[in-house]
Amino acid sequence: MNVWTRWVPGIDTLRYYEAAWLRHDVFAGLVLATMLVPVGIAYAVASGLPGIHGLYATIVPLLAYAMFGPSRIIVLGPDSALAAVILGVIVPLSGGDPVRAAMLAAMMALVSGTVLIVGGISRLGFVTELLSKPIRYGYMNGIALTVLISQLPKLLGFSIESEGPLRDLWAIAVGIGDGKINWAAFAVGLGTLIVILLLKDSKRLPGILIAVVGATLVVSLLDLGTGYGVKVLGPLPQGLPAFSIPRIGYGDLIPVLAGGCAIALVSFADTSVLSRTYAARLGDKVDPNQEMVGLGAANLATGFFQGFPISSSSSRTPVAEAAGARTQLTCVVGAFAIAFLLLAAPNLLQHLPNAALAAVVIAAAIGLIEISDLKRIYRIQRWEFWLTVLCFVGVAVLGAIPGIGLAIAVAIAEFLWDGWRPHSAILGRAQGVKGYHDITRYPDARLIPGLVLFRWDAPLFLANAEFFKGRILAAVEQSPTPVRWLVVAAEPVTSVDVTACDTIAELDEALHVRGIELCFAELKDPVKDKLKRFGLYAQVGEAQFFPTIGSAVSSYLHINNVEWEDWEDQVEVGRHVGS
């Protein structure tokens with residue numbers, strides 16, 4: 001049973017479900033459904049798909065995640081952050097054919113779901129941690145801009161051929177200049193947007209529902225669809241999504257694979273942050289690997305039932321929470337409510353204007369934009385701010401998928417750079433401060449004649465081994481007195497590989513030629529064990545490994561008969577390495 005509850009947390013929820021939760025979950029589910037319907041349709045249209053697929057991509061993932069997802073109240077479904085990625089793939093490939101577009105989008109969901117499930121089972125839930133906050137801000141701001149640009153024509157009441165953010169902007173400007181604006185549609189869309197933004201912080205009034213219902217009533221009662229050319233959703237197909245295996249051509253494979261992988265990364269990055277936030281708030285603990293599996297199962301399921309890629313929602317989850325949701329039964333109730341709508345009243349939303357749907361997506365895109373925290377980043381670390389700008393420009397200029405690819409490349413480069421060229425320091429004894437400290441931080445720090453204390457602030461591996469060797473040799477050359485011992489303060493060294501060990505062996509030989517003993521202090525036992533396996537422990541000599549900096553200094557002074565007076569005679573020589 002443990003295996004089942006480990007990979008299917010929904011079973012555990014059912015086993016320990018409390019009767020007192022039921023009324024809260026049912027009420028919250030019905031409230032949630034009123035928001036899920038217009039949002040699902042809006043994000044489908046924003047992704048270049050018929051609106052009905054937004055409801056399919058809402059029903060199925062909610063049910064799948066309720067079984068496989070570990071988070072108690074996270075809500076999954078179509079998401080504005082994914083719309084630009086989906087649109088960027090299916091528009092060039094579908095040729096305007098809605099059936100083909102749906103097949104491509106469903107296949108992207110299958111790719112994304114497979115990647116996420118494999119990643120979760122392989123315990124790769126940590127991978128999105130490589131995307132630093134500035135990088136996430138950059139690509140999300142870029143995606144938000146791309147979504148805004150894609151929805152502007154619909155808000156204005158005309159259409160353009162999408163060819164990328166910058167060309168789309170030019171096409172919009174040309175359309176405005178040519179007088180293509182449908183002022184009735186624009187008024188409806190702008191009014192919808194204003195209502196949503198004014199009520200977005202209200203916990204009692206469902207802003208999206210009020211705005212969308214209001215826009216639908218205005219268009220229906222004033223007959224704006226036929227009289228003024230305002231485009232509307234039209235009747236939805238009656239019935240539930242059917243099982244279907246999407247089929248695409250070989251020529252579509254690479255773009256779909258790239259898009260699916262990009263979606264897997266973006267969706268899990270957002271979901272992992274959201275699930276951790278709510279887990280902390282509710283006093284739960286969420287396994288990121290199981291979160292990956294749950295999100296993957298939801299994407300896989302929707303791909304087989306005429307849906308498209310989905311993610312968690314930072315706007316719908318608070319609605320469920322505020323309505324009193326206790327468990328994922330809330331999402332199950334919401335899914336069944338939408339299913340009932342499709343079976344009993346598919347024509348209820350036929351007068352819903354496209355301009356109002358565009359307003360829903362634009363409001364969501366505005367919510368993705370992060371400005372205030374970028375000011376803080378600019379103030380404390382300029383180079384990370386420019387990373388944000390680079391990723392933003394990459395998405396805005398190149399498009400969503402190439403831009404996300406650029407963000408990943410920048411993240412990897414940032415990660416490697418920190419390890420490739422890490423900080424190192426020569427340590428000395430500063431007056432009035434215990435321990436040994438970086439002499440660039442403490443210019444008055446005294447050096448022990450003939451001894452170089454060198455601190456290396458990173459793991460040792462193939463990318464930085466030669467740099468490590470070069471820094472040590474430079475420290476020897478720059479020493480004000482002839483060097484007898486060089487002690488590596490190795491507490492920050494958490495790992496070492498074969499290439500680094502070979503480089504250390506070469507360094508040891510080079511120092512021996514100069515009559516210098518290579519020593520290590522505060523080396524962690526797991527790292528020391530690796531040195532033993534590589535034969536380096538025996539080469540350097542067991543006596544050259546010291547438990548603390550202080551013991552290394554004491555041994556040096558004793559063995560080499562060096563007289564050296566500390567700043568304070570009573571201060572014990574050697575403590576821990578300072579900052």
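**Notebook: a sheet and its neighbours**

The E stands for a strand, a DSSP run of at least two residues, while a helix is an H or I run of at least four, and both are numbered from the N terminus.

Before going on, I noted what I am working with. This is a predicted model, where local features need pLDDT of at least 70, side-chain atom pairs count only at pLDDT 80 or more, and totals for chains, interfaces and linings use all residues. Residues are numbered from 1 along each chain as its sequence is written, and side-chain values use heavy atoms, with hydrogens and water left out.

**Entry 1: the whole chain**

I looked up the secondary structure and found 24 helices and 8 strands. Along the principal axes, the C-alpha atoms fill a box of roughly 100 × 60 × 50 Å. Of the 579 residues, 52% are buried; buried means under 20% relative accessible area, exposed over 50%, and partly exposed in between, with a 1.4 Å probe and protein chains only. I also checked contacts (heavy atoms within 4.5 Å): of those between residues at least 6 apart in sequence, 81% join residues at least 24 apart.

**Entry 2: the sheet**

Which order do the strands take? I read E4-E3-E5-E6-E7-E8, an open sheet of 6 strands with mixed pairing. Its edge strands are E4 (437–438) and E8 (545–546), each pairing on one side only. Here two strands pair if DSSP finds at least two bridges between them. A reminder to myself: strands of a sheet pair through backbone hydrogen bonds, either parallel or antiparallel.

**Entry 3: walking across the pairs**

I started at E3 (residues 424–428), which runs antiparallel to E5 and is joined to E5 by 4 bridges. There I saw Ile426 opposite Phe454 in E5. Next, E5 (residues 451–456) and E6 pair in the parallel sense over 5 bridges. E6 and E7 also run parallel, joined by 5 bridges, and Val488 stands opposite Phe520 in E7. Finally, E7 (residues 517–521) pairs with E8 in the parallel sense over 2 bridges, with Phe520 opposite Phe545 in E8.

**Entry 4: the helices in between**

I followed the chain from E5 through helix H20 (residues 465–478) to E6, and this is a right-handed β-α-β unit. Right-handed means that, with the strands pointing away from me as viewer, the path from the first strand over the helix to the second runs clockwise. E6, helix H21 (residues 498–513) and E7 make a right-handed β-α-β unit too.

**Entry 5**

How many residues of E6 (residues 485–489) are buried? I counted 5 of its 5. Trp485, Val487 and Ala489 point one way, Leu486 and Val488 the other way, and all are buried. In E5, 6 of its 6 residues are buried. Leu451, Leu453 and Arg455 lie on one side of E5, with Val452, Phe454 and Trp456 on the other.
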